[in-house]
Amino acid sequence: MVGWFPEAYPDELLASACARYADRLEYPTQSMAVRELFGDRCSRVAYDVPGHLSHFIRQLPSQGAYSLRELLYRHTLFPFYISLHSSERVAQLESQIGEGSADIVYKAVGMIRYRERCPDVLRFCPRCVTEDEARYGEPYWHRRHQLPGVLICTKHRAVLLSTNVTVHGKCLIRAKHGIQQRTMPVDTGSAHETTLVELANDAQMLLEDEIHLSLSMLKRRYRTQLETMRLSRDGRLLTNEARDAFTKNIAPVMLELLSFNSHSKGVGAWIKQLAGGHIYHPLDHLVMMRFLQVPLL
């Protein structure tokens, strides 16, 4: 058991609080801090969804300070990743992630196959940094800034800046150090700002409001809209027409910004699979919903 652990800030990633802890206590090595907090079986702490959380909870100076559910739903990206799963599957994953590694969640939601959808490095909003420093005396890594497909801070409508801190690296980097390793912001272009803000808002709702999307419901809505837009006939997708409508509505530069490069030659097949009820990555469905003008709620 550790003698002290910092209180997590609002919207702070658990790994961010762990980085503040390790930095303040000046551990000789990162691995020592990781092993003490998460056990000998843990070699790294993923920023999006750490594993071995039950061990972590047992190490806190006041057991019961955090429940497993509170950590998952308030300080990780877990709610976003499992937004397309049934309540029974989610309960199973909650139990498994408590004792196992983050790979359990990654495999369940297809992140191993669709890794390109997820950011490789941590990001931040300069205006949020200024506000956090004024309110808390230091910046920290926000959950909503690390969501796949989110390139703009929804609070300030500011383009997020990337750092050199890798999401799945072995090091716990405190935000005040990591933001000094920033690179240039992505050029989103003013023409795409509205779409990017809408996508960011939808992604943030999945994260913070614990919204679960029914695949069967989405399948019905997708097919209804495709019929309405005359992109399907008698239940059969007009693949070429759907592909052309999609690329006209969602510009190629937008797809590149959202890491959808793999669909450049297979948009029609992708639409067909989503309309058929395939689970895919949550970001895929958010883009599809934006294309077909299907509301999140």
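Predicted model: local features only at pLDDT ≥ 70, side-chain atom pairs only at ≥ 80, totals over all residues.

Residues are numbered from 1 along each chain as its sequence is written, and side-chain values use heavy atoms, with hydrogens and water left out.

**Cavities**
- Two cavities of 30 Å³ or more are found in the structure, a cavity being a set of points, on a 1 Å grid over the protein atoms alone, where a 1.4 Å probe fits but cannot get out.
- The largest cavity holds about 70 Å³ of space, the volume being that filled by probe spheres set on the grid points, which are joined across faces, edges and corners.
- Its lining residues (an atom within 4 Å of a point) include Y47, D48, Y81, C118 and H168.
- The second largest cavity holds about 40 Å³, and among the residues that line it are R144, H145, I152, C153, A200 and Q204.

**Helix pair**
- The axes of helix α11 (residues 215–228) and helix α15 (residues 282–292) come within 10 Å and cross at roughly 30°, where axes are lines fitted to C-alpha atoms over the stretch in contact and angles run from 0 to 180 degrees between N-to-C directions.
- That angle makes α11 roughly parallel to α15, a label for angles under 35 degrees.
- Contact (heavy atoms within 4.5 Å) is made by residues including L215, L218 and Y222 of α11 and H285, M288 and L292 of α15.

Methods
1 Å grid on protein atoms, 1.4 Å probe; cavity = no way out; pocket = protein on both sides within 12 Å on 5 of 7 lines; lining within 4 Å. Helix = DSSP H or I, 4+ residues; strand = E, 2+ residues; numbered from the N terminus. Parallel < 35°, antiparallel > 145°, perpendicular 65-115°, else oblique.
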